Every structure is written in C-alpha cells, then in structure tokens.
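Have the sequence and the 3D view ready.

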Amino acid sequence: MTTSHNDASATMDLVRQRLAEAHHVCILTGAGVSAESGIATFRDPDGIWARFSPQELASMDGFMSNPDRVRDWYAHRKAIAETAQPNAGHRALAALQDVVPECTIVTQNVDRLHQRAGSRRVLEVHGNLIENRCNDCSKIRTDDEIMCPDCGGLMRPNVVWFGENLPADVFQAAEEACRRCDVLLVVGTSAEVYPAASLPYVALRAGATVVEVNPNQTSLTPHATMAIHGTSADVLPQLVPESV
Ligand code: OAD
C-alpha cells in the first residue's frame, strides 16, 4: 500500500488540529529523535547493538565482570551526548509545551537533549548518562567517583540495564500521563523494548489519539491512530509551526 501526497498532507492537518484542541499532550521518544543530532540509534542496521554487545555493556553481569570497560563505554557515550546539539525535532517538542496547557515528555533517551532544548517536564524512564548511582545505597552523584563516598559500594551509570526494573516512580508517572493525555506522539522508537513499549497501548485504551512519527514501520504502526512516515527533525517542526 502506498500513501499519496494528499493522504499524507491530510494526516498532517488532522494531527495539527488534534494538537491544537488538546489539553494534555504526551510524547514518547526513542533514539530516533537524537539521530539527526549525530547520536546513533540502537536497532537500525548501523546501530549501537550491531556494533557492541548488550550483555557486556548493558547488564549487571557485564558490569561485575569488567567495571572499567563498562565505565569507559558510558564515559565515551556521555562525551558524545555532551558534544551533540539538540535538533529541530527536540526544539519543536520544547515549543509545543508553550502552546498546549499540559505537555509531558516520556523519553527512553539518556542523552539529556530534550532538557537542553528547553523541555521542562521530562520523564527519563531509562535513566541518563550524566549521573552515576551507588549499587548498594542508590545514592546519585554526578562526579567520577568509582566507590561511593557514603557507603563504599560500587558506583555505576544511572542507566537501566537489561533485566533491570525501570525507576518505579518515573514509570508510574509515565503511565499516568499516557492514561490522562488527549494526544500521544510516539517519535523515533522501534517500540520493541518493554515496558516502555506498552505505553502507547495505555494511551489507546484510555481513548487518546496516538500518532507515530518514524521513517520506518514498527509493530505499533498498524495500531496507531495515525502514522507519519518521516524523520523527527523534518516532521515535528511542521506539526508545531510555532517552533520555526
Ligand atoms: P531503537 O534503535 O530500537 O529504534 C530507533 C527507531 O528510530 C527506529 O524505529 C528507527 O526507524 C527510528 N528512527 C531512525 N532515525 C530516525 C529519525 N531521524 N527520526 C525519527 N525516527 C528515526 O531505539 P529505541 O526505540 O529508543 O535502552 O530503543 C529502546 C531502548 O533500547 C533504548 O532506550 C535503549 C535500547 O536498549 C537502554 O539503554 C536502557
């Protein structure tokens, strides 16, 4: 099936209208939102998990078997994120919060680019690259200490690894936002990693309009209310004209 130019432009019009009418807009973002800032995604053909082992670098077993290797890799990713700049997609989402009464960003991204673009209410369901957390007492620090100065435990990146639970309070807030929103934009995620991938279905069950923005099909595409095939830095400024 192909989508004609007219169909695509009617979809864009309808999404703009739903955004203008919405009281609460929620946005679920994934690595694709930062692709145009030069940060690699995970599951695209040249993605991070095609080049690095998640068992070695994103699991507690991998960390315990070689903490230095894991710390070095996250320090490298943190340097990439700090050098990168927010793109037009991040900026459009930041502008959206000024035109809708309530706006919540739920991000799987750990790069802090939404916040640097000016977004205020950002729920980081997979943690972030800036902080480290004590493995024993859970104290969060932003320095490079290897051992926790409070309890002597091992400091680790404050990023959720495979097999670990998401921060419960943050994920509850994300579910609540998806239950209460009028429109959920799902941008730049393969929608493969649970429980974050369950959030669009929470919104759909609660009656929200769910709009996917992604250049590729995902398992969510057939279930979304509408799908816009394009990149976030191209599509989002067209949905939020106030941002350009
Ligand atoms: P993935 O790498 O799984 O998916 C990236 C998605 O972005 C794909 O569907 C691409 O089609 C899409 N994409 C690529 N370029 C894009 C662009 N310019 N604009 C819009 N979309 C684009 O990344 P996530 O779904 O974020 O977990 O992955 C989820 C989690 O898996 C990540 O948070 C990470 C990873 O393991 C942790 O680090 C805990």
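## The ligand site

Which atoms of Gly32 lie 3.4 Å from a nitrogen atom of the ligand? The answer is a backbone N or O atom of Gly32, a polar contact (a pair of N or O atoms within 3.5 Å). A backbone N or O atom of Gly188 lies 3.2 Å from an oxygen atom of the ligand, and a polar side-chain atom of Ser190 lies 2.6 Å from an oxygen atom of the ligand. Taken alone, the ligand exposes 790 Å², of which the protein buries 93% (Shrake-Rupley accessible areas, 1.4 Å probe).

Around the ligand there are 23 residues, each with a heavy atom within 4 Å of it. Those that come nearest are Phe42, Arg43, Thr189, Ser190 and Asn214.

## About the model

This is a predicted model, where local features need pLDDT of at least 70, side-chain atom pairs count only at pLDDT 80 or more, and totals for chains, interfaces and linings use all residues. Residues are numbered from 1 along each chain as its sequence is written, and side-chain values use heavy atoms, leaving out hydrogens and water.

In helix 1, Thr11, Met12, Val15 and Leu19 are buried (under 20% relative accessible area, 1.4 Å probe, protein chains only). They sit on the same side of helix 1 because they cover an arc of only 100° around the axis, taken from the directions from the helix axis to the C-beta atoms. On the other side of helix 1, Asn6, Ala20 and Glu21 are exposed (over 50%).

The buried residues of helix 1 pack against several elements, including strand 1 (24–29) and helix 11 (232–239), with contact meaning heavy atoms within 4.5 Å.

Key. Helix = DSSP H or I, 4+ residues; strand = E, 2+ residues; numbered from the N terminus. Polar contact = N/O pair within 3.5 Å; in protein donor to acceptor, adjacent residues only side chain to side chain.
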